[in-house]
Amino acid sequence: MTKPKPSRSATLDSDAWSTADDPVTEHVHWAVANWPQIDPEVEGIVTRLDKIHRHFQEASRASLGDAGLTKEEWKVLMALHDSVRSHGWLCEDLDVSTGAMTNRLDKLERRGLIRRARDPNDRRGVLLELTDNGEHQLEQYIEAGAGRERELVGDLTVEEKRELNRLMSKLLVSLQRKSPGKASPRKGRRSS
């Protein structure tokens, strides 16, 4: 049995939405009309964050492609950017099994993006570092990615970007407090 659909105007005050072209507005009206227990403000936030995330992910994939990197390779290069690291450290930091990391490192080494060296403090240990070519590939990704990200938020003023960052930071901190078992990314590191 099909439920009759309530009219949109009966569910949300249209003055609450400032952007008529926002594709999420129609969805929010529909969701609240069908499930009145849904908070329209929360539904708007969740749906918009999801759609915005998709745009940024698409831009990231394009930038990685421009640099000839996969997301997994980029993570390794980022981890090695500022320091020599051990295989074990990378596995722990990137939450990857030793076997998967070995395969990833083998590919990066064959492409000349990283180099392995014996750990002077551990006969069985290996230290990993970026090569000049690896640093160049990482810089190429950063350059392409930064440009695309700036373009994605280009319609916002500096003040709007600051306000958006402030609100997202507040939300993120509150979510992290509600999930104390989840480790936050290392300071200064870009999380995926």
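Tutor: Angles under 35 degrees count as roughly parallel, over 145 as roughly antiparallel, 65 to 115 as roughly perpendicular and the rest as oblique. The model here is predicted: local features need pLDDT of at least 70, side-chain atom pairs count only at pLDDT 80 or more, and totals for chains, interfaces and linings use all residues. Numbering starts from 1 along each chain as its sequence is written, and side-chain values use heavy atoms, without hydrogens or water.

Student: At what angle do the axes of α2 and α6 cross?

Tutor: Axes are lines fitted to C-alpha atoms, for helices over the stretch in contact; angles run from 0 to 180 degrees between N-to-C directions. Helices are DSSP runs (H or I, at least four residues), numbered from the N terminus. Here α2 (residues 40–67) and α6 (residues 132–152) cross at roughly 150°, their axes coming within 8 Å. The two helices are therefore roughly antiparallel.

Student: Which residues make the contact?

Tutor: Contact means heavy atoms within 4.5 Å. From α2 come His55, Phe56, Ala59, Ser60, Ala62, Ser63, Leu64, Asp66 and Ala67. From α6 come Gln137, Gln140, Tyr141, Ala144, Gly145, Arg148, Glu149 and Leu152. By class, eight are nonpolar, six polar and three charged. Ala, Val, Leu, Ile, Met, Phe, Trp, Tyr, Cys and Pro count as nonpolar; Asp, Glu, Lys and Arg as charged; the others, Gly among them, as polar.

Student: How do α3 and α6 pack?

Tutor: Their axes are 10 Å apart, at an angle of about 110°. That makes α3 roughly perpendicular to α6. Trp74, Leu77 and Met78 of α3 meet Gly134, Gln137, Leu138, Tyr141 and Ile142 of α6. This contact has six nonpolar, two polar and no charged residues. Gln137 and Tyr141 also belong to the contact of α6 with α2.

Student: And how do the axes of α3 and α4 cross?

Tutor: Helix α3 (residues 71–80) and helix α4 (residues 87–94) cross at roughly 120°, and their axes come within 11 Å. The pair is therefore oblique. Lys75, Val76, Ala79 and Leu80 in α3 meet Trp89, Leu90, Asp93 and Leu94 in α4. Six of these residues are nonpolar, none polar and two charged.

Student: What is the handedness of the α3 and α4 crossing?

Tutor: A crossing is left-handed if the near helix is turned anticlockwise from the far one by less than a right angle, and right-handed if clockwise. The α3 and α4 crossing is right-handed. So is that of α2 and α6. The crossing of α3 and α6 is left-handed.
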